[in-house]
Amino acid sequence: MVIETGSIQERIRAVEAADSALALVQAVRSLAMAKDPAAIPTLITVLGFNNPGAAVMAVDGLVGLGAAAVPALLEQIDGYNYGARAWAIRALALIGDLRALEILVDTARGDFALSVRRAAAKGLGALRWQDMASGEIAPAQASVQAALLMASADPEWVVRYAAVVGLAGLATALGANIPESDNGGTLVTCAASTLAVANPEASITTCLEALQQRAIADEEILVRARAQRAIDLLTVG
Amino acid sequence: MTMVEGAMPSESLTVEQAIANLNQTDDPSLRYYAAWWLGRFRVSQPAAIAALVTALDDEADRSPDGGYPLRRNAARALGKLQDPSVGLALIQCLDCPDYYVREAAAQALGDLGDRTCIEALQAKLVGGVEAAVPVPGKPHLVEPYGAILETLGMLKATTAIAAIRPFLRHSVPAVQNSAARALYQLTGEEQYAEQLVTVLQSPTLQLRRSALMDLGAVGYLPAAEAIAATLAENSLKLIALKGLLDQHLTAPEGQPPVLSDRVIAVMDLMDELL
């Protein structure tokens, strides 16, 4: 066991000195647990090591640091190391920072690796819209919705599953009234309903229609089930 | 299974080209690729099936160790294409001198759900664990026991239970996994599935991966939390959890699927892994 103490410099040195895959995982875990912004460059370097265990720990650490890690992650996206880029997108998806909006939209629509499309689709449903200037929200949400609708028809089931999760998140963020369900259920109004969106009712209807389409017609019963779960949560019966 | 990253073909074919490539004999690599392609894209038309069955007898494409690469690919493709007429041809492949052809054929017969092969598969278990030894100089045993055991489980071959049970103590851990998986399918006894859950704690990543796939294949729902927590790729955990749920989800005609609390709990685990 690695003792989870030491200064941030000592923990960084332990990552640099790790001489086995397991030692690296443990050193990165220790560095991630420090929750110190000084760890960010090292955690990002680890994303390029082709060591999945260490990368998972580094993503956890970066997500724990939240907005502070976003600029460095966005720089990483421009790099050439494909593996590191995929992990960086995954971290950005989990942080939900709006500066990642464009890269998440692009990734959900077209990345060749399904695990990255999957992470981006989920992340698009969990963006922190409250941080955005109100005038910018409507067009941004429109592009998020378009990307999620595309992902909801992805050939891979797991991307469609993630798109269902993303669509449910977007519909919740849009927040306004949802049409009454057939069983006479009441409507969900969420805290985000104060957001200035051009036509939230129409957007929510579009999200719900896409979810209903998945619930009824997806070729995988699991995707149908997840879509039905999302509909149940969005329309309190 | 289509979860392979970046698995799109580097060269796109049409169905007609693929079948023509498989039927020509000048270029073995074109034939090999065409056989894979027809399986990957689920081309089950009669001309494709006929070409693949013919390829099971190929003598031209030989690997340096005497194997039959084209036959292997043809058998794998036929497993995916679900044409019931190919059972006998695949059963004959169980006697091919190439181990990997025998393995592919055993797996394909399981995919096909063809119970006429049960007797031939059980015959491979005669001699028990004592006979299930490595081939000198090769990375495999004398028979593809993993595939044989798993297929017997999938085909509900309850007559094989007594012959399978000793393989729980085979020296190769992967064979133990296959035996546990088959015995759970054949008996419904939880002890066998729990043995696979224990493997999720193995120090060997390859064994953890194989236990994930086994638990998904047998649909053992109590394993969900252990699957989500094991040290392996999220993609594999998601496939395993999907396997669990696929066998517990039902949808009445024209209705959405029925959601129990247990199903919802497993979907919550999956959401975290996306």
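Which residues of helix 8 of chain A are buried? They are Leu114(A), Ser115(A), Val116(A), Arg117(A), Arg118(A), Ala119(A), Ala120(A), Ala121(A), Lys122(A), Gly123(A) and Leu124(A). Buried here means under 20% relative accessible area, exposed means over 50%, and partly exposed lies in between, with a 1.4 Å probe and protein chains only. Helix 8 is thus mostly covered, with 11 of its 11 residues buried.

Let me state the conventions. This is a predicted model, in which local features need pLDDT of at least 70 and side-chain atom pairs count only at pLDDT 80 or more, while totals for chains, interfaces and linings use all residues. Residues are numbered from 1 along each chain as its sequence is written, chains are lettered from A and ligands numbered from 1 in the order in which they are written, and side-chain values use heavy atoms, with hydrogens and water left out.

I turn to chain A as a whole. Chain A contains 12 helices and zero strands, where helices (H or I, at least four residues) and strands (E, at least two) are DSSP runs numbered from the N terminus. Of its 237 residues, 54% count as buried. The chain exposes about 10,400 Å², 54% of which is supplied by carbon and sulfur atoms; such accessible areas come from the Shrake-Rupley method with a 1.4 Å probe, and for residues only the protein chains shown count as cover. Among contacts (heavy atoms within 4.5 Å) between residues of chain A at least 6 apart in sequence, 63% join residues at least 24 apart.

What covers the buried residues of helix 8 of chain A? The cover includes helix 6 (82-95), helix 7 (101-110), helix 9 (134-151) and helix 10 of chain A, together with helix 15 (234-246) and helix 16 (261-273) of chain B. One residue of helix 8 is Gly123(A), which counts as buried at 2% relative accessibility. Leaving aside neighbours within four places in sequence, Gly123(A) is in contact with Ala93(A) and Leu104(A). Gly123(A) and Ile89(A) are 34 residues apart in sequence, yet their C-alpha atoms are 9.4 Å apart in space.

Next, the interface. The size of an interface is often given as the accessible area lost when the parts come together. Chain A and chain B bury about 2,200 Å² between them, 63% of it on carbon and sulfur atoms; this is the accessible area (1.4 Å probe) that the two parts lose on being put together, summed over both. The contact takes 24 residues from chain A and 27 residues from chain B. On the chain A side, Trp157(A), Ile221(A) and Leu222(A) lose the most area to chain B, together 24% of what that side buries.

The rule finds two salt bridges across this interface, each a side-chain nitrogen of Lys or Arg within 4 Å of a carboxyl oxygen of Asp or Glu. Lys242(B) forms a salt bridge with Glu220(A), the closest N and O atoms being 2.8 Å apart.

Which helices of chain A each supply at least two residues of the side that touches chain B? They are helix 8 (114-124), helix 10 (157-174) and helix 12 (221-234). Helix 12 gives the most, with eight residues.

Finally, a residue of chain B. Asp58(B) is found in the loop between helix 3 (46-55) and helix 4 (69-81) of chain B. Asp58(B) is buried, with a relative accessible area of 6%. Beyond its neighbours within four places in sequence, Asp58(B) is in contact with Arg31(B), Tyr68(B), Leu70(B) and Arg71(B).
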